[in-house]
Amino acid sequence: MSVNNRGSVSFPAGLRSAPRGTTGDRTMPPAIPTPIYRHAAPSGPWPWMDFDTDSDLTLNCDNTPISPGAAGQSWRGYPETLFGNWKPDQVKRSKMLSNCSELDRCLVHWLDVLTNGTFTTLDEEGRDQTSRITPERINEFWELLQTPRPANIRVRALFVDNLSLSVLQMLGTRYNIEPFFFSSSLNWIPSHYQEEVRPGKGDHITIVLPFMRTMQNPVTRPPTPTGETPNSIRSIPLQHVSTDEHQVIDTQAPLSLSCGNILLLDLLAIHMVRSEDSSTIISYHPSSSWRRPSPKRLHSLVYRAGQSVYWQKIFAQSKDPTFLFLAILWYALYSWDQAFESLYTHINWLESQVLLTNNINLTRKLHIIQAHLLHYQSLLQDFQKSVDFLHNTPNPAMDSDNYSPSERKNSKELMAKECANLLSEIERLENRRLMQSSRLKNVMDLAFATATVRDSGAMKQISYLTMIFLPASFTATVFGMNVNEITGQSGQETLIRYVAVALALTCFTSWLVVACHSQRPLCH
């Protein structure tokens, strides 16, 4: 008998989550917080504790963690009920709960990968699997999470839009999620780790990955959308709005480009519960205040990946649900590639401005881009480490008796191949970053060389001016000497003789300089 995993929750069609920004918002997106790396992974024994500010570090014998089966356990007590070392002070400091949506409503987009490798966003009755959670229907969503899945679902992905406090606690309790996933995601801290390893059964893996993407500049965008795309320097609109009025170069803030776009940080935050029966992926997305793409977009892109012939073969050849995780990581690579395309156009524009105007002030803009490129280097390294982590962390559930040795071998080889493909693309992005960084250095050298030539020309004019007055000054100095052979027996010289001598010396010096300049090309 089939199980209808959506029949228990039927939400009104008109119910929607909080808006993700309006088209009339013409302000720049905010800068993301600076990551605090020491609070990124559960391997750190002191979550969200600062030794220089915490005054009470004495031993507390009452801090025994509460077991999941203890009396009074409920999702409302997450995370302390499951993870006893997460006390209210640490939870408050991590802003894990306070950074959630103020409105207790959110959307959860469901995507299922069936055992035959087919992707579906519909339930067994053909209805859209999108849950709209409001305060009035919280308990119904909790019951939905508890509903047993159909046996033909290999992996289920949940894309959470406008994460609310209640949904965070329900997901954390239902799937026993380490709080570091939510704290790292909500604070934009790059991380990757594995926990709860059960040989032959499964584990939990987490990757929080910031990456760059491009979007239209909200300050300079036209009032109505246009279909024209700039493909050359001539097509770049004269609507460049610089955000570098401040003296501090903030690489966490969006970078404004001359082509009418901005480069800004986005986030992939994925937690996966791998098991031998049916796995689960939870994808967190920043709230609407950050003005990032909605989870619905990633949900649609992942579904379209399942329609790809190439990936259909992968899911047909291997039953490892980790391949869905790997497919999601390609979203970050596509965004990186588009970001570097826009940055390349902007560097072309700056290069042309340096060649045409010789404006030394443009070097400041070049330095800003160079600082961002250095920041992109660390982000690409995090990207590479995340893929390496996925490759080097095989699914323990594949060691169960449900899979034959040949299936394990083929799946392992296929995972190594696909990870190598993604790593090769990341290396290509790094080479492109290095090329743009070298090109920026060449442009900066050109700007400084142009300024040096201009300064040398000014010094030459000063030298010519000195050449005119130097003979006259020399003559006045000589005539001022008290020597009979020069001043005569009377001890005085006339103005006419001074002018004659000074003029003769000036003409001789000028002729000598002209003669030397005329002989220089012949010498070379």
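C100 is buried at a relative accessible area of 6%, and C106 is buried at 2%. Buried here means under 20% relative accessible area, exposed over 50%, and partly exposed in between, with a 1.4 Å probe and protein chains only.

Some ground rules. This is a predicted model, in which local features need pLDDT of at least 70 and side-chain atom pairs count only at pLDDT 80 or more, while totals for chains, interfaces and linings use all residues. Residues are numbered from 1 along each chain as its sequence is written, and side-chain values use heavy atoms, with hydrogens and water left out.

Now the backbone. Y78 and P79 are joined by a cis peptide bond with omega of about 10°. P79 sits in the segment before α1, residues 88-94. Helices (H or I, at least four residues) and strands (E, at least two) are DSSP runs, numbered from the N terminus. K95 is not a glycine, yet its phi is positive, about 60°. K95 belongs to the loop between α1 and β1 (106-114) and is partly exposed, with a relative accessible area of 42%. E196 also has a positive phi, near 50°, but its place is in strand β5, residues 191-198. E196 is partly exposed at 33%.

β5 and β6 pair in the antiparallel sense over six bridges; for two strands to pair, DSSP must find at least two bridges between them. S191 stands opposite V208 in β6. The two strands form a hairpin with three residues between them, and G200 in the turn has a positive phi of about 80°. On β6 there is also an antiparallel pairing with strand β8 (residues 261-275), over 15 bridges, where T206 stands opposite H271. How many residues of strand β6 are buried? The count is 13 of the 15, so β6 is largely enclosed by the rest of the structure.

Next, the core. The largest nonpolar core has 106 residues, and those with the most contacts inside it are L268, L329, W336, L343 and Y376. Such a core is a set of buried Ala, Val, Leu, Ile, Met, Phe, Trp, Tyr and Cys residues joined through side-chain atoms within 4.5 Å. Helix α7 (residues 322-357) supplies the largest share, 18 residues. Leaving out residues up to four places away in sequence, Y376 touches M212, L255, L263, W336, F340, L343 and R433, a contact being heavy atoms within 4.5 Å.

Twelve salt bridges are present, each a side-chain nitrogen of Lys or Arg within 4 Å of a carboxyl oxygen of Asp or Glu. R433 meets E430 at 2.9 Å, N to O, and both residues are buried. R156 and D112 meet at 2.8 Å. R156 is in strand β4 (residues 153-161) and D112 in strand β1, so this pair ties together parts that are 44 residues apart in sequence. R156 is buried at 4%, and D112 at 3%.

Lastly, E425 and R428 form a salt bridge with closest N and O atoms 2.9 Å apart. They are three residues apart in helix α9 (residues 405-479), about one helical turn.
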